[in-house]
Amino acid sequence: MVALFAIYLIINLSLNLQLGYAGIPNFGLVLAVTGGAYTVGWLPIRLCMWIFNIDSQLGADIVKNNALIVSQINSNIQAQPLIGLAVFALTLIVAVAVGSVLGFISAYPAIRLRTDYLAITLLALGEVLSIIGQNYDPLVGGVIGILVPDVWSWSGDSRFTVVSLVLILAAMGTLFILELIARSPISRTFRAIRDNEVAASAMGKNVTKVRMEALVIGSMICSLAGALYAFYVCYVGPAAYGRLEWTFLPWLMVIFGGLGNNFGVVLGTFIFIALEKLIVFYKYAFAFLPFDVIWLEYLLLGSIILVILIFRPSGLMKEKPSQTMPETKLEEIVRKSGKE
Amino acid sequence: MIDPTLIDTITYSSLLGIMTFGLSFVRRTTGVWNIAHAGLITIGAYVVFTCISFFGESPYIYLPLAFVLSAVVAVIEYMLIIETLRKRKASTTMMLISTLAFDLVMLSILNIYADYLQNTFSLLSKNFLLKKLDFTLFDEPGIFWASLLFLIIFLAALYGVLNYTKIGTALRACVYNPTLASISGINVMHTNLLSWFISGGLAGVAGGLLPLWIQGKPVLGDSLIAVMFCVSIVGGVEEIYGTVLGGFLVGFTQILGTSALSIVLGPTVIPYKPLIPMVILVLALLFAPSGIAKVNWNKILTVVKFGGEPKRKI
Amino acid sequence: MNNLNSGYGKLHVLFDINLKCNRSEIVSVIGPNGSGKTTLLNSIFGLADIFSGSITFDGGQINGMLPHEISRAGVSYLPQMNSVFADLSVKENLKMAGYILNVKELRDTMDEVLSIFPILEPFLSRKAGTLSGGERQMLAIAMTLMRKPRLIMLDEPLAGLAPVVCQKLIEKIVDLRDRLGVGVILVEQNAKKALEISNNACLIVSGRSIFLGRPNELLRSEELVELYLGLKAERKGVWND
């Protein structure tokens with residue numbers, strides 16, 4: 001649960017940046033997340049094969065032999081943890097780069113569109129990578145998917161703890177950075193453009209450029225999350241990276257927690273994940289129901305959001321107004337300039 | 001014998017038109033992109049499936065029922081959510097999310113229903129194809145005739161309603177100028193309800209027809225929503241017939257275009273067929289942001305001759 | 001209206017406005033641009049947010065009712081902009097204006113209205129957007145008459161029209177008051193013309209009612225007239241050219 005929480009937190013914070021601060025409704029988050037995950041599906045296995053000089057015979061058809069290859073790689077990593085970590089770090093960097101590229105090309109044709117047109121265009125374009133992944137086998141093994149080398153295999157029994165720790169650190173790091181951004185002039189620019197484009201551009205802000213920036217940064221963060229998730233579950237496949245789980249649910253969580261407020265997002269994410277875990281945990285209590293209980297959960301989530309939108313659209317925690325200079329300081333400045 | 005690919009193409013294009021029309025229609029009349037349109041389509045599919053499973057006969061006779069049920073759900077969605085949010089002056093994004101949430105609710109209910117059917121009656125409700133129940137006419141599958149004819153008849157009927165009936169003219173009036181319409185005594189909410197009713201009903205019919213051609217499943221509508229958005233934007237929402245044009249453009253490019261490409265580039269292109277609507281979307285956004293129905297073709301020729309790109313904001 | 005405070009959302013536009021209009025009476029609402037004249041009309045019709053105060057019509061309270069309900073209650077409104085359905089034909093425009101009438105009533109009323117505005121007769125099947133400014137205003141006023149209202153509110157009906165057309169329109173408005181007995185609330189930039197035909201006048205500046213009373217009293221007050229209306233005061237002597 002901790003791991004899932006951390007990963008969703010990262011995505012949700014990214015969405016908060018794009019939507020909450022910059023006012024960009026990115027309904028195509030899944031694209032960046034998938035991008036990060038696919039990077040992990042493609043790169044590490046090849047990288048490790050090269051590092052550990054794994055049988056080139058197997059390497060002829062990586063996809064078909066991926067189970068064998070991966071188990072060999074894993075035993076190698078068990079012995080050499082540093083390499084595992086290096087692969088991890090390197091892949092993450094590549095994943096983030098991929099995310100930025102994906103963000104850029106999906107945003108480029110759409111960025112000048114009006115809000116709702118932008119949203120659905122990003123939604124439509126978000127499907128692209130999934131389609132490619134399903135049909136181009138060498139990428140991530142087509143529909144079946146592919147295994148990912150376990151860069152944490154050196155941790156043995158305490159893998160779960162180690163990975164959870166890393167993920168939490170990553171999430172905290174993201175939160176920290178984004179909070180910093182939130183309190184900085186950058187976020188004020190974002191919000192200025194969000195609230196009043198005309199005024200903002202009259203003040204000299206290049207609206208399109210700034211919006212692109214927000215989207216690209218957001219995509220980079222989502223890619224990171226996708227990559228982290230792939231390293232956690234050690235599996236990448238188009239089926240696991242769908243619009244429902246990786247775009248729609250984050251949206252619901254962010255709206256629930258409070259748009260424009262990072263801590264609200266933390267709260268919202270936590271409650272949602274906790275709820276999900278609870279329902280799954282007590283699945284057996286629901287076993288009498290003639291259907292899969294996951295749908296009950298989604299039904300609940302959807303309904304909660306509808307209720308929230310009608311009665312408390314700002315979410316659990318409202319957006320905090322910009323912290324600018326305190327009044328006394330402002331007065332001082334005015335006084336000083338008046339004297340001159 | 002007409003080329004079967006052409007038959008396929010026309011069928012697909014007609015279905016796209018029927019599916020997407022409602023989406024564009026409510027966008028035009030009430031300003032909302034209804035993501036839950038996907039769910040409305042799926043409802044239609046399951047209405048027909050349920051009736052077939054318990055009562056047999058041809059799927060076509062249950063289409064009116066599919067129309068009504070989806071239309072009713074659409075109206076419920078409108079009343080419960082859209083109107084409530086409108087009164088609270090919610091932003092477009094919030095409206096969009098509400099349709100998303102409603103779609104999720106519908107998807108869940110449909111999955112639950114499908115699970116229930118499967119577990120209780122051992123029906124193949126999670127994945128069904130009704131093609132075998134289709135009839136043939138002049139050697140062509142019934143779905144071809146049905147979708148094409150329905151589209152034509154519907155458009156004609158809509159044209160009649162919009163131009164020759166009181167409520168239809170009122171609907172046009174409300175679209176162009178809701179304030180003035182209100183002032184004149186027209187209850188704008190009534191016309192909105194009408195457009196949502198029509199749109200929902202249409203979705204239901206589309207959902208009823210689709211399983212005769214592709215697999216029916218709980219995510220039927222959702223799997224198509226991306227294409228529908230492409231069609232809607234490409235065709236343009238301003239003109240009523242824009243969506244139909246968009247549907248045919250996307251349909252033809254997707255099927256015939258892929259065939260042509262595969263001759264040139266080999267069969268590897270075929271799996272990427274689903275990407276074509278997005279490609280068209282991107283091209284449309286770059287060159288014809290208001291939709292192809294509104295393209296000023298003279299201007300295009302001028303631009304092509306002298307270079308430069310018209311950048312328009314929708 | 002009594003002590004009306006209204007505006008849009010958080011914007012408070014009108015402060016404590018009182019206004020009354022009787023049958024067979026023309027009340028002018030005049031004042032500089034942006035003073036809230038249109039907001040006043042919008043408030044009556046439920047198109048602005050009312051913060052406090054009340055509006056009654058024929059003894060019944062109408063603030064809080066929806067626009068189409070107010071319309072059906074017997075109040076007609078000619079808005080400043082977009083007063084006709086440009087994409088609909090003239091005939092369709094009239095039909096829409098008479099939306100609540102049944103077929104027979106509609107036909108009779110249309111004949112009546114066309115007899116008041118015979119100029120529209122040849123344009124019935126033309127799109128309203130293709131009419132000239134004056135013709136469009138005629139159509140707009142004709143539309144307000146379709147429901148046989150007891151109160152008509154006109155928002156700058158003379159704006160942008162040639163003087164000859166203005167004169168015709170003014171005659172028609174007076175005709176409405178005298179012959180049909182409707183009450184008219186007239187918001188006008190062209191204050192002089194408006195005041196000439198009014199029974200009562202209300203001068204609104206920055207959302208507040210500065211003057212409420214007879215038009216000739218208003219015209220005599222040089223301060224109000226010069227400052228706010230840009231007209232020369234009726235009284236001569238103090239001000240030299």
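In what order do the elements of chain B run from the N terminus on? They run α-α-α-α-β-β-α-α-α-α-α-α-α-α. Helices (H or I, at least four residues) and strands (E, at least two) are DSSP runs, numbered from the N terminus.

This is a predicted model, in which local features need pLDDT of at least 70 and side-chain atom pairs count only at pLDDT 80 or more, while totals for chains, interfaces and linings use all residues. Residues are numbered from 1 along each chain as its sequence is written, and chains are lettered from A and ligands numbered from 1 in the order in which they are written.

**Stop 1: chain B**

Select chain B, which has 12 helices and two strands. Its radius of gyration is 20 Å, close to the 20 Å that the globule rule gives for 314 residues, so chain B is as compact as a globular protein of that length. The radius is taken over C-alpha atoms, and the globule rule is 2.2 Å times the number of residues to the power 0.38. The C-alpha trace of chain B spans about 55 × 55 × 35 Å along its principal axes.

Of the 314 residues in chain B, 51% are buried. A residue is buried if 20 or more other C-beta atoms lie within 10 Å of its own, exposed if 12 or fewer, and partly exposed in between, with C-beta atoms placed from the backbone.

**Stop 2: where chain B touches chain A**

Now show chain A as well. The contact takes 40 residues from chain B and 37 residues from chain A; two residues are in contact if their C-beta atoms, placed from the backbone, lie within 7 Å. On the chain B side, the elements that give two or more residues are H3 (63–87), H4 (92–121), H9 (220–235) and H11 (276–287). Select H4(B), which gives the most, with 19 residues.

By class, this side of chain B has 29 nonpolar, eight polar and three charged residues. Ala, Val, Leu, Ile, Met, Phe, Trp, Tyr, Cys and Pro count as nonpolar, Asp, Glu, Lys and Arg as charged, and the others, Gly among them, as polar.

**Stop 3: where chain C touches chain B**

Select chain C, with nine helices and 11 strands. Here 42% of the 241 residues are buried. Chain C has 21 residues in contact with 15 residues of chain B. On the chain C side, helix H2 (67–73) and H3 are the elements that give two or more residues.

Which residues of H3(C) are buried? They are C:Val90, C:Glu92, C:Asn93, C:Leu94, C:Lys95, C:Met96 and C:Ala97. That is seven of the eight residues of H3(C) (residues 90–97), so this helix is largely enclosed by the rest of the structure. To see what its buried residues pack against, select H6 (166–176) and H7 (178–183) of chain B, together with H4 (103–116) and H5 (133–145) of chain C.

**Stop 4: strand S9 of chain C**

Select residues 183–187 of chain C: five of the five residues of strand S9 are buried. C:Gly183, C:Ile185 and C:Val187 point one way from S9(C), and C:Val184 and C:Leu186 the other way.

Strands pair if DSSP finds at least two bridges between them. C:Ser28 has C:Leu186 as its bridge partner in S9(C).

In S9(C), C:Val184 is the bridge partner of C:Ile152. Follow the chain from S8(C) through helix H6(C) (residues 163–180) to S9(C): this β-α-β crossover is right-handed, as the path from the first strand over the helix to the second runs clockwise with the strands pointing away from the viewer.
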